[in-house]
Amino acid sequence: MNVKSNKIKTIIMVVAVILALTLACGWIAQTVVSKQKEPVQITAEEADGSGLLLTPLSTSAMRLAATPLAEQSGDSYVLTATITPSNAGDKGVDWSVNWNDSSAAWVSGKSVTDYITVTLPTDGALTATVTCKKAFGEKIIVTATSRENRKYYAECMCDYSKKITGFNISSYAGYEATNVILSEKTSSYTFDKPTYCFNYTNTVVAFTYSDYTVDDNFSTAYSATINSEYSGCFSGEGLTPKQTSMSLNYLWGGTYFFYAYLSVPGGMREVSFCGFTAEQANVAVTIAKQHTDIAAYNWSVTCTGKYSSYKHTIPVYFTESSLTAVVTGVSLDNSSLMY
C-alpha cells in the first residue's frame, strides 16, 4: 500500500514540475516577445544623421515611445502612445502638432505642418508616423491626447540638429593660388597648368548651415585619394606612387602631382603626391597625357559632428597642357673659358 502511495505521490510531483516548467517557459517567451515589440525611445545622443531628434515625454496616464522607420532614412519615426490602465474602455487618442513657442521670431509666417507632419493608419490610432519635411529653427511638439479624458496627454519634443549644407573655398594663402574656387557645387576641377595650390597655414573655408534647434560642433578634415584606375595606368612601367591617399588641404596639379622641387617651409624640397624622381615623373607625364579623361585623384572635405556628418568629393583632372617634362639636368657647352 505504501509503495502504491509513493508511486502516486511521485507521479503527482512529476506532473507538478512539468506544469511549473511549462508555465515558466510560457512566461519567459511572452516576456521576450513583449520586449521585442517594445518601441525604442530615441534620444539626441542616438541621432542617426537625418537632423530630426525626438524626445518622447510621458505623463502619469500616458506614455510615448519612438522607433525609427528605416525605409525613410531617419526622416520619419513611429510614435506609439500607451494608455493606462491597460483595461481602459476607450483607448483612442487625437494627435496634434504645434510650435513650442509660437511667438518666436523664427516662427513668424511659417506653418508647422510644412516642417513636421503626423500620419495615422486609422482614426484615433495609438501609433502615428512623424515625418520631418525640412530643417526647422524652433522646437515642435507632437501631442497625443486621450479622447475619453482630455486632461491626459503625452508629448514628444521634436528638435533639428545643425547640419552643414555646403562650403566655399575662394582663397588659398600660399603658392599659385590664383582663381581657385571650390564649393559644394563643384562637381570636378581641372588643372590646365603644372602647378599646385598650397596653403602654408589654413585653408580658408566658409561653411553654410541648416536651420536648427540643437547646435553642433564639427571637426574638419581634408584628404586626397589617388584614383585606382589612374594609378593602374602607370603600374605597367613600374611606377608606384609612394601613397594612395594623404591628408591634404591643398590641390596638386599637373606635373607637380608626380614631381616638384619647390620652396616650402623648411627650404627647397622635392615634394609631390606621388613622390617620383624627376626621371620617373617624365615617364608618368608621357603616360598621363594619354589618360586626361580619367580623374587623377579625388579631393574630399569631410566634417564630422555629434549628430551628423558632411562630405563632398571633387574629382581632379589634368589637361595635356598641365603635363610638362621635368628638368633632369643642366650642362654647359664648355667647362672652362680662357681669355
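This is a predicted model: local features need pLDDT of at least 70, side-chain atom pairs count only at pLDDT 80 or more; totals for chains, interfaces and linings use all residues.
When residues up to four places away in sequence are not counted, D211 touches W106, A135, F136, G137, Y160 and S161. Of these contacts, the one with W106 includes a polar contact between the two side chains, at 3.5 Å. Along the chain D211 and W106 are 105 residues apart, whereas their C-alpha atoms are separated by 9.6 Å.

Strand β4, which spans residues 93-99, presents two faces, of which the covered one carries V93, W95, V97 and W99, while D94, S96 and N98 make up the uncovered one. The strand runs antiparallel to β7 (residues 140-146), to which it is joined by seven bridges. Within this pairing, W99, a residue of the covered face, has I140 of β7 as its bridge partner.

S322 is found in the segment that follows β20 (309-318). The side chain of S322 reaches the backbone oxygen of T319 at a distance of 2.7 Å. Apart from its neighbours within four places in sequence, S322 is in contact with F191, D192, K193 and P194, as well as with G254 and T255.

Definitions and conventions: Residues are numbered from 1 along each chain as its sequence is written. Side-chain values use heavy atoms; hydrogens and water are left out. Contact means heavy atoms within 4.5 Å. A polar contact is a pair of N or O atoms within 3.5 Å; within protein, one must be able to donate a hydrogen and the other to accept it, and residues adjacent in sequence count only if both atoms are side-chain atoms. Buried means under 20% relative accessible area, exposed over 50%, partly exposed in between (1.4 Å probe, protein chains only). Helices (H or I, at least four residues) and strands (E, at least two) are DSSP runs, numbered from the N terminus. Two strands pair if DSSP finds at least two bridges between them.
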